[in-house]
Amino acid sequence: MRVRESLDALSLDALVVTSAVNIRYLSNHAGSAGVLVLTRDGVHLLVDFRYRDGVRMLQESPAACPGLRVWEVPASYDEALLMCLAEIGSSLVGFEAAHVTVSKHDWWQRTSASRNLAITFRSTERVVEQARLIKDTAEIETLREAARRLSDVATAAFAGVREGVSERHVAGVIESAMRAAGYERVAFDTIVGSGPNAALPHYRAGDRMLSSGDLVVLDFGGVLDGYCCDLTRTVSIGSPSAEARQLHAAVFDAQRAALAAVRPGVETSVVDAAARSVLEEHGLGAAFGHGTGHGLGLDIHEEPRITWPRPDVPSVTHAPGMAFTIEPGAYLSGFGGVRIEDDVLVTETGCEVLTSVPRELKNL
């Protein structure tokens, strides 16, 4: 396992995992509470009474985590963690710095020292997240199926878009179609942005009524067996204006350029630059202010980030098994915007586009 290899590289006896998503990745436990301790030869899951029977049933199912030892938490997770670490004899213990507060870390250090437990806690960054970058066969099949089902949702969405209905009504149509398609839940708040609202990249859905000539951005995604998918299409209410057609054509060209750039060995910033340069050629560089894509998996936004070089975002070189979105956009304040998004998987020779909804500007 890649995470266990990291223990050796970091000279750690154990890794304390507190991120709920990372706990699920390592153990299949999907509860809202829990702590996991990973060692070279074991997986220790700490859960309270609420999850005791659920974990037992999980361990009796095909989704069981091999080598899992369950520790019941009678009261405090922090107390139970120190008892677990002391019993299994871990001295150098890593923790997820991005998911542990300063006060919690201080309590671990102070309390373990006062009890002469000889435990040293060391911060780590992205240990599990780096392992999650490469999807295995089962994860890939789940992502494929999740993306495939978006076609039926898109069909329902297009049928629900018409002049005189509200954005919120269309969002309801989309979310009803997602339930009918078998998703366990939506992956994020559905975006339906019409007219000038389409120029707001993270707008949700409001009371505005769709009007003739509007561009409408439809951005939706679902969760299937824990894994997320994401799709955006932009449609027109009636015949689009020349400006709307030009805007859509530019974004369409940018997405094709980015898709063509995806292949093993290419850095994320190169794919972003492929889309960004096309929009700059169309005079729309300033209208594209977000990254070209984001990773997909147990989180709707995870690594890799397909964006320009930034000190706060690690550069990633694409490798087979990585899954992410390609979603360039262009937004003109007061007029509207266009975004086109698909889910892709890096293959040995390039990429596989997992979503299959037509990208052309549809007049509804």
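Does Asp-214 count as buried or exposed, and at what relative accessibility? In this predicted model, Asp-214 has a relative accessibility of 7% and, because buried residues are those under 20%, counts as buried. The residue lies in the loop between β8 (191-194) and β9, and a polar atom of its side chain is found 2.8 Å from the backbone nitrogen of Ser-211. When neighbours within four places in sequence are set aside, the contacts of Asp-214 comprise Ser-194, Gly-195, Arg-208, Met-209, Val-235, Ser-236 and Ile-237.

Two of these contacts, Val-235 and Ser-236, belong to strand β12, which spans residues 231-236. Six of the six residues of this strand are buried, so β12 is largely enclosed by the rest of the structure. In a regular strand the side chains alternate between the two faces of the sheet. In β12 both faces are covered, with Leu-231, Arg-233 and Val-235 buried on one side and Thr-232, Thr-234 and Ser-236 buried on the other.

The pairing of β12 involves strands from separate parts of the sequence. Strand β9 (residues 215-220) pairs with β12 in the antiparallel sense over six bridges, and within this pairing Leu-218 has Arg-233 of β12 as its bridge partner. Strand β20 (residues 362-363), by contrast, pairs with β12 in the parallel sense over two bridges, and here Ser-236 stands opposite Asn-363 of β20.

The axes of helix α7 (residues 137-160) and helix α8 (residues 167-180) come within 9 Å and cross at roughly 155 degrees, which makes α7 roughly antiparallel to α8. The crossing of the two helices is right-handed. On the α7 side the residues that meet α8 are Val-153, Ala-156, Ala-157 and Gly-160, and their counterparts in α8 are His-169, Val-170, Val-173, Ile-174, Ala-177 and Met-178.

Definitions and conventions:
Residues are numbered from 1 along each chain as its sequence is written. This is a predicted model: local features need pLDDT of at least 70, side-chain atom pairs count only at pLDDT 80 or more; totals for chains, interfaces and linings use all residues. Side-chain values use heavy atoms; hydrogens and water are left out. Buried means under 20% relative accessible area, exposed over 50%, partly exposed in between (1.4 Å probe, protein chains only). Helices (H or I, at least four residues) and strands (E, at least two) are DSSP runs, numbered from the N terminus. Two strands pair if DSSP finds at least two bridges between them. A polar contact is a pair of N or O atoms within 3.5 Å; within protein, one must be able to donate a hydrogen and the other to accept it, and residues adjacent in sequence count only if both atoms are side-chain atoms. Contact means heavy atoms within 4.5 Å. Axes are lines fitted to C-alpha atoms, for helices over the stretch in contact, and angles run from 0 to 180 degrees between N-to-C directions. Angles under 35 degrees count as roughly parallel, over 145 as roughly antiparallel, 65 to 115 as roughly perpendicular and the rest as oblique. A crossing is left-handed if the near helix is turned anticlockwise from the far one by less than a right angle, and right-handed if clockwise.
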